Amino acid sequence: MEFGTETLDLVGYAASVVVLLAFFMKNINTLRIVNSVGCVLFIIYGLLFDLPNLPIIITNVGILLVNGYYLFLKKEMPKVKEDK
């Protein structure tokens with residue numbers, strides 16, 4: 001399956017924008033969900049190269065697994081004490 005440079009670039013830019021948007025989220029779970037969408041887009045981006053770009057794929061699979069762990073397996077997040 002061949003994709004043009006424009007398609008490849010668009011997927012990469014979309015992934016970058018979604019990951020950037022995740023850092024504007026105040027709720028950590030929302031941040032992890034939005035970041036996970038960005039990771040999936042980056043995984044797709046890495047797979048679209050003629051030879052799959054393993055550093056991009058491996059890194060984003062790892063981040064996706066960490067996000068999944070905190071979203072689905074470790075439900076309880078420790079509370080941070082506020083200094084007064």
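## Aromatic cluster, helix contact and surface patch

F42, Y45 and F49 come together as one aromatic cluster. Keep in mind that this is a predicted model.

**The aromatic cluster**
- The count of aromatic pairs here comes to three.
- One of them is F42 with Y45, an edge-to-face pair with 6.2 Å from centre to centre and 75° between the planes.
- F42 and Y45 sit about one helical turn from each other, because they are three residues apart in helix α2 (residues 28–47).
- Y45 also pairs with F49: the ring centres are 5.2 Å apart and the planes are at 75°, so this pair is edge-to-face too.
- As for burial, F42 counts as buried at 18% relative accessibility, and Y45 is buried at 16%.
- F49 is partly exposed, with a relative accessible area of 25%.

**A15 and its contacts**
- A15 belongs to helix α1 and is buried, with a relative accessible area of 0%.
- A15 and G38 are 23 residues apart along the chain, yet their C-alpha atoms are separated by 4.7 Å.

- V17 is found in helix α1 (residues 5–22), and at 47% relative accessibility it counts as partly exposed.

Note on methods
Residues are numbered from 1 along each chain as its sequence is written. This is a predicted model: local features need pLDDT of at least 70, side-chain atom pairs count only at pLDDT 80 or more; totals for chains, interfaces and linings use all residues. Side-chain values use heavy atoms; hydrogens and water are left out. Helices (H or I, at least four residues) and strands (E, at least two) are DSSP runs, numbered from the N terminus. Buried means under 20% relative accessible area, exposed over 50%, partly exposed in between (1.4 Å probe, protein chains only). Rings of Phe, Tyr and Trp (its six-membered ring) pair if their centres lie within 6.5 Å; planes under 30 degrees apart count as stacked, over 60 as edge-to-face and the rest as tilted.
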